[in-house]
Amino acid sequence: MNVEELLEVLRKTNRKKDSPVDEEILKAILSIVILNPLDENRGRSQDQIHYTISKMKMK
Amino acid sequence: MRITQIRVHNFGPFYGGHQLDFSSDENGVYIVHGNTGQGKTSLLRAILWGLYGKALDHNGKEIPPTSLLNRSAFAKCNLAFSVMIFFRQEGREWVLTRKTSSSAHTDKRYSSGMECYLVKDGQPIADTPEKVRFEIERILPFDVSRFFFFDGEMLVKYEELLDQDSHSMRIMRDSIEHILGIPYLKTARDDLYEVKKRMERDVAKLVKGLGGKNYIDLAEDYQTLCEEIERKRETVKNLQQQENSLGENIADKKRALTRIKSVEENALRRKEIDGEIQRLQLLSDAQKTKLMNLNSQLYKTVLSRIADGLITKLRIKHDSYWKKYLKKQELTNRKKDLEQGMKKQKCELCGTILNPTKLKELESELAKIRIAIEELTEIPEPNLIYDTSAKYLETMKSNLTRASEYKEIDSITVKIEYEIARQKALLKQVEQQLINVDEQEPFRLETQIQNGIQEIGRLQGEQSSLGKQLVDDLSLQSELDQRLASINKEELNILSKRIDCVKCLLEIFEEAIHVYRDEKRKEVEKEACEIFRSLRLKEEFSKLSINENFGLSIITKNGTILNKAEWRSAGEEQIVALSLVGALNKCAKTKAPVFMDAPFGRLDIPHGQRILSFLPNMAEQVVVFVTDREYRKEDAAYLKDKIICEYSLKHESEENGSSITKCVE
C-alpha cells in the first residue's frame with residue numbers, strides 16, 4: 001500500500017495550521033490504520049494510536 | 001496483485017479438478033471463450049469465493065454453498081469443493097486455498113466445514129478463515145473487488161451513482177471511496193475520536209485522584225460534561241442514521257409510486273391499444289371483404305383467355321342467324337303475296353288477270369318458297385341471345401381482376417396484420433404490468449411518503465436543537481479545560497496537551513478527507529474523460545462530468561448534461577461505466593487484475609471493437625470471458641499483439657460437467 005499520497009494531503013493540511021503537529025505522528029497514525037483495516041481491529045488500532053501519542057514529547 | 005493460476009475442484013459446473021494458468025510475466029489479455037452455460041460466470045464466482053468465502057448472484061445475494069457444489073459430485077456423495085488461487089503480490093508468491101467438505105448436504109455444515117490456508121513464499125501465514133480474511137482484506141478488500149472482478153452486464157448499475165437517494169448508490173460510492181483510499185483517513189479520524197474520549201476519561205480520573213472537594217467536583221463536572229457531549233453526539237449520529245434510513249425508505253416508496261403511476265398510465269394505454277386493435281381489425285376485415293369480392297370475380301380472369309374466341313364465334317353465329325331470320329321474313333312476305341294473288345287469280349301489284357300458265361309458275365314458286373321457309377323453321381323469332389352473350393363477355397373482359405389490385409390489398413393487409421401483432425404484443429406487455437395491481441396502493445404510499453417527510457423534518461429539528469446544545473457544551477468544556485490546565489500538576493498538564501494534540505489531529509484528518517476526496521474526484525473525472533473519448537463513437541458527446549457520489553454524466557458539445565439513465569442507451573451506459581472502472585483502476589491505491597464477464601453484451605460491433613482496443617490499458621493483467629457472439633476470430637486484430645493466451649470452456653455432459661482447454665493456434 002502506497003501511503004505517500006494520503007500522507008502528502010495530511011502534511012499539506014497540517015502545514016496550513018497555526019500550530020502544526022509533528023509530521024511523524026501523521027505517518028504513524030496512518031500506518032497503524034492501514035495495518036488494522038478491519039472493524040474487529042479497531043480496539044488494537046486505538047490502543048496503538050493512544051500509545052503513540054502518549055510517547056510523543058509535548059511542547 | 002497478479003493471479004498466476006486458478007484451480008477449481010467440484011465447483012459449479014466443474015466436476016473434479018480443473019485449472020487456468022495466467023503465469024506469463026507479460027502484460028496483456030487472456031481470453032476465455034465459452035458460450036452460455038459453459039461455466040464463465042462460475043469461474044468468476046470461484047475466484048470471489050476463493051478470496052472472500054462468498055459468491056454472489058446477479059442480484060448481489062450470496063449463493064448458498066449447497067448451490068456451489070458440482071451436481072455430479074453431489075450425486076456421487078462427494079460433498080467437498082475447493083478453489084486454489086496462486087498470486088504474486090509485492091514480489092512474493094502467495095497460495096490461497098479455500099475448501100469445504102461436509103458429511104451432509106446442508107449450508108450450515110458446509111460453512112462450518114470450511115478450511116482456509118494462506119501461504120507466502122512457501123511459508124504458511126494464516127490457517128483459519130478469519131486470519132486469511134485479515135490478510136486478503138489488506139491486499140484486495142472485498143468492497144473494491146467489484147472493480148476488478150465483474151460482470152459487464154452489471155456495469156449499468158453504476159447509473160445508480162447519479163441517484164441521490166438510493167441505498168445501493170451509497171454502497172457503490174463507499175466502494176469507490178474505498179478503492180481510492182479515503183476510508184483510511186476516515187478510520188483514522190474515528191479512531192482518534194475514540195482515543196480522545198479515552199484521554200478525557202483519564203483526565204477526570206486523575207483530577208478526582210487529586211482529592212479535595214473542589215477537585216472532585218471539577219472532575220465530576222468534567223466527566224459528566226464529557227459523557228453528556230458523547231451522549232449527544234451519539235444521539236445526533238443515531239438521528240442522522242434514522243434520517244438516512246427514512247430518506248432511503250421514502251426514496252423506495254417514491255420509486256414504487258412512480259412504478260404504480262406508470263401502471264395507471266398503462267391502464268390508459270391498454271384502453272388505447274384495445275381501441276387501436278379494434279380499429280385495425282375493422283380495416284383488416286374491410287380488406288378481407290375486398291379480397292373475397294375479387295376472388296369471386298376471379299373466374300372471369302380464367303375465362304378471359306377463351307372469351308375472345310367465344311365472342312367471335314357468337315358474333316358469327318348471331319350474324320348468320322340474323323341473315324337467315326331476315327331471309328325467312330322476306331320469304332314469308334313473298335309467300336303471303338303469292339297466296340293472296342293465287343287466291344284472287346290476279347296480280348296483287350298490277351291487277352292483271354293471271355292465266356293458267358302463270359298460275360302454274362306461281363304455284364311452283366310458292367312451293368319452292370314453302371320448302372325454303374320449312375328449311376328455315378329452326379330460326380326462331382328475332383333471336384338476340386348470341387349478341388347478348390357476346391356483349392356480356394365483352395363487358396366481363398373490361399372488368400377483369402388485375403394483379404396490381406391483389407398486390408395492393410395484400411400489401412395493405414400485411415401492414416395491418418403487422419400493426420395488429422405489434423399492438424397485441426404491446427398489450428401483452430402492458431397487461432403483464434397490470435397483474436396484481438392494488439388500486440389503494442398509490443394512496444397508501446403517498447400517505448406514507450408524507451408521514452416520512454414530516455418525520456424527517458422532526459428528526460432534523462431535533463438534530464438542530466442538539467447541535468446548538470452541543471455548541472454550548474463544547475464551550476463549557478473549553479472553560480473546564482482551562483480550569484484543568486490551571487491545575488499545576490505535571491501529569492495533568494501532559495494529558496491536557498495530549499488531548500489538545502488529538503483535537504488538532506482530528507481537525508487535520510477531517511479536513512484531509514475533504515481535500516483528498518475532491519482531488520481524487522477530479523483525477524477520476526479526468527481519467528474517465530480520456531477513456532470515454534477513446535471509446536465513444538458519437539462525436540456530439542464531448543466529455544464526462546463527475547458528481548459528489550462519483551456518478552458520471554455525459555456532456556454534449558452543446559453543453560447538455562445527460563445524467564439520467566433514460567436519456568442514454570444501455571450500451572452508452574456500459575461505456576460510461578467502463579470509463580469509470582478504467583479511471584478508478586488508474587487512480588486506485590490497489591492494483592489487481594481485471595476479470596470481466598460478458599464485456600460486450602450490450603454493445604454494437606464498432607463499440608465492442610473500441611473497447612477491445614482499450615482492454616489492455618485497463619490493467620496489467622486482463623482476463624475476459626466471452627461468448628462467440630461477443631468475440632469473433634477477426635476481433636483479435638483489435639487486441640493487436642496483446643493476447644497472451646486463450647482458453648475454451650466446454651460443457652461435456654451432465655455427468656462430466658464443463659472442462660477447460662487451452663486454445664492452440
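Student: At what angle do H15(B) and helix H17 of chain B pack?

Tutor: The model is a predicted one. Two packed helices are described by the angle between their axes and the distance between the axes. For H15(B) and H17(B), residues 605–618, the axes lie 9 Å apart and the angle is about 135°. That angle makes H15(B), relative to H17(B), oblique.

Student: Which residues of H17(B) meet H15(B)?

Tutor: The residues of this contact divide into four nonpolar, one polar and one charged. From H15(B) come B:Ile531, B:Ser534 and B:Leu535, and they meet, in H17(B), B:Arg610, B:Ile611 and B:Phe614.

Student: Within what arc do the buried residues of H1(A) fall?

Tutor: The buried residues in H1(A) are A:Leu6, A:Val9, A:Leu10, A:Thr13 and A:Asn14. On the other side of this helix, A:Glu4 and A:Arg15 are exposed. Seen down the helix axis, the buried residues line one face of H1(A), because they fall within an arc of 135°.

Student: Which helices do the buried residues of H1(A) pack against?

Tutor: In chain A, the partner is helix H2 (23–35). In chain B, the partners are helix H8 (182–209) and helix H15 (490–535).

Student: How many Å does H8(B) reach from its first C-alpha to its last?

Tutor: H8(B) has 28 residues, and at 1.5 Å a residue 40 Å is expected. The reach in the model is close to this, at 41 Å.

Technical notes
Residues numbered from 1 in each chain as written. Chains lettered and ligands numbered in written order. Predicted model: local features only at pLDDT ≥ 70, side-chain atom pairs only at ≥ 80, totals over all residues. Buried ≥ 20, exposed ≤ 12 C-beta atoms within 10 Å, placed from the backbone. Helix = DSSP H or I, 4+ residues; strand = E, 2+ residues; numbered from the N terminus. Arc of directions from axis to C-beta. Contact = placed C-beta atoms within 7 Å. Axes fitted to C-alpha atoms, helices over the stretch in contact; angles between N-to-C directions. Parallel < 35°, antiparallel > 145°, perpendicular 65-115°, else oblique. Nonpolar A, V, L, I, M, F, W, Y, C, P; charged D, E, K, R; others polar. Expected span 1.5 Å × (residues − 1).
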